There are 2 protein chains.
Amino acid sequence: MNRGRLIVFSAPSGCGKGTMLAEILKDKNYRCSVSATTRKPRPDEKDGVNYYFISNEEFEEKIRRSEFLEYAGYCDHYYGTLLSEVDPYLKEGINVILEIEVQGAMKVKEIRPDALFVFIAPPSITELRRRLNKRGTEEQSVIEKRIEEAANEIAASIKYDYIIVNDALEDAVSDFFKVIGAEKLRSENCHELVGEILDKK
Amino acid sequence: MNRGRLIVFSAPSGCGKGTMLAEILKDKNYRCSVSATTRKPRPDEKDGVNYYFISNEEFEEKIRRSEFLEYAGYCDHYYGTLLSEVDPYLKEGINVILEIEVQGAMKVKEIRPDALFVFIAPPSITELRRRLNKRGTEEQSVIEKRIEEAANEIAASIKYDYIIVNDALEDAVSDFFKVIGAEKLRSENCHELVGEILDKK
């Protein structure tokens with residue numbers, strides 16, 4: 001059985017990452033890893049679905065035991081990806097998606113260079129502003145801050161392997177699957193295949 | 001307008017390269033470059049279609065004028081790809097396919113690292129032998145020589161960017177287009193796009 005692919009998936013806020021992931025996860029060969037955190041669950045969040053909510057002591061114990069693929073402190077809390085959320089699934093041939101922001105992604109790149117890095121971008125900053133304004137849930141100053149963050153992330157997107165513009169959801173999802181399909185044909189992923197073709201001689 | 005992509009396309013004899021190319025060329029965004037040669041045309045070959053048939057003097061004059069992307073001597077004759085068959089079309093946004101063998105491909109790789117290298121492989125050497133035998137046009141010793149050459153080329157395929165197995169024609173053609181589509185999304189080809197997204201700020 002072929003090993004699954006570790007896929008790092010990042011997108012600025014307002015790029016439709018959630019809707020895209022919901023579409024992708026309809027395919028049973030894909031799984032989104034659930035992060036662990038020490039922050040308290042919000043009313044609508046469920047343990048083991050949105051996050052694994054664990055105590056500070058548990059988290060630090062897992063750090064000591066090297067149970068994390070990556071972790072970081074943010075706003076007085078830990079967030080991290082457990083190896084148990086990733087490697088067992090890859091072995092089963094499932095593609096595991098890590099939904100993380102740019103800085104975390106770059107850390108993963110150092111330790112898992114075999115991972116595939118996909119960045120989801122808005123068609124333009126103007127369109128992103130329109131989308132964020134349309135939500136109507138945030139103050140203008142918050143929106144401008146998000147846009148500034150997004151611009152920084154988009155500038156860093158060049159460090160990813162692929163950039164997919166989410167203009168129309170269907171096209172963006174189709175682009176995603178196209179990328180995964182083409183990746184399997186890249187010669188660096190075909191050493192075993194070439195051996196198989198020749199061994200049958 | 002986006003520039004077209006230079007695509008180097010190689011396959012051992014018996015891998016269905018011709019049928020694949022015929023399918024691909026139905027798409028008007030693709031063009032196969034016509035090589036120049038100093039050998040005489042065979043009865044069914046047409047000048048400007050199969051090759052540009054030119055004299056030795058003309059060929060050497062074109063070499064002096066640096067009119068070739070690549071050229072080589074083979075069995076007392078010159079064969080080469082004229083730049084005029086490639087660059088004007090790329091500028092117009094047409095993808096230009098160079099159908100050449102592995103050694104020529106590696107020479108192109110040195111001078112045109114921006115080209116995309118696609119290798120078409122048979123499902124197995126056994127299947128390739130079956131296909132070559134089925135043709136029934138060649139002696140067994142010739143077939144065995146072709147198979148040996150094919151095995152060498154398949155071993156070198158790892159130097160290409162992509163390896164597409166031509167088992168079923170339709171799947172192989174679809175893989176080809178998938179590869180071209182995904183290539184456009186590779187971040188190294190998206191510098192302009194990232195600029196556009198950000199400039200619209």
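User: Where is Ser66(B) found?

Analyst: Helices (H or I, at least four residues) and strands (E, at least two) are DSSP runs, numbered from the N terminus. Ser66(B) is found in the loop of chain B between α2 (56-64) and β5 (68-74). Its phi is positive, about 55 degrees, although Ser66(B) is not a glycine. This is a predicted model, in which local features need pLDDT of at least 70, side-chain atom pairs count only at pLDDT 80 or more, and totals for chains, interfaces and linings use all residues. Residues are numbered from 1 along each chain as its sequence is written, while chains are lettered from A and ligands numbered from 1 in the order in which they are written.

User: Is Ser66(B) buried or exposed?

Analyst: A residue is buried if 20 or more other C-beta atoms lie within 10 Å of its own, exposed if 12 or fewer, and partly exposed in between, with C-beta atoms placed from the backbone. Ser66(B) counts as exposed because it has 8 C-beta neighbours inside 10 Å. In chain A, Ser66(A) is likewise exposed, with 8 other C-beta atoms within 10 Å, and has a positive phi near 55 degrees.

User: Which residues of helix α5 of chain A are buried?

Analyst: An α-helix has 3.6 residues a turn, so residues three or four places apart point the same way. In α5 of chain A (residues 125-135), the buried residues are Ile125(A), Leu128(A) and Leu132(A). Seen down the axis of α5(A), they fall within an arc of 55 degrees (taken over the directions from the helix axis to the C-beta atoms), so they line one face of the helix. The face turned away from that buried side carries the exposed residues Asn133(A) and Lys134(A). Just after α5(A), Gly136(A) takes a positive phi of about 65 degrees.

User: What covers the buried residues of α5(A)?

Analyst: The cover includes α6 (140-156) of chain A and α8 (191-199) of chain B.

User: Which residues have the most contacts inside the largest nonpolar core?

Analyst: A nonpolar core is a set of buried Ala, Val, Leu, Ile, Met, Phe, Trp, Tyr and Cys residues joined through C-beta atoms within 7 Å. The largest one has 96 residues, and those with the most contacts inside it are Val118(A), Ile164(A), Val118(B), Ile164(B) and Phe176(B). Two residues are in contact if their C-beta atoms, placed from the backbone, lie within 7 Å. Leaving aside neighbours within four places in sequence, the contacts of Ile164(B) include Leu185(A), Val118(B) and Phe176(B).
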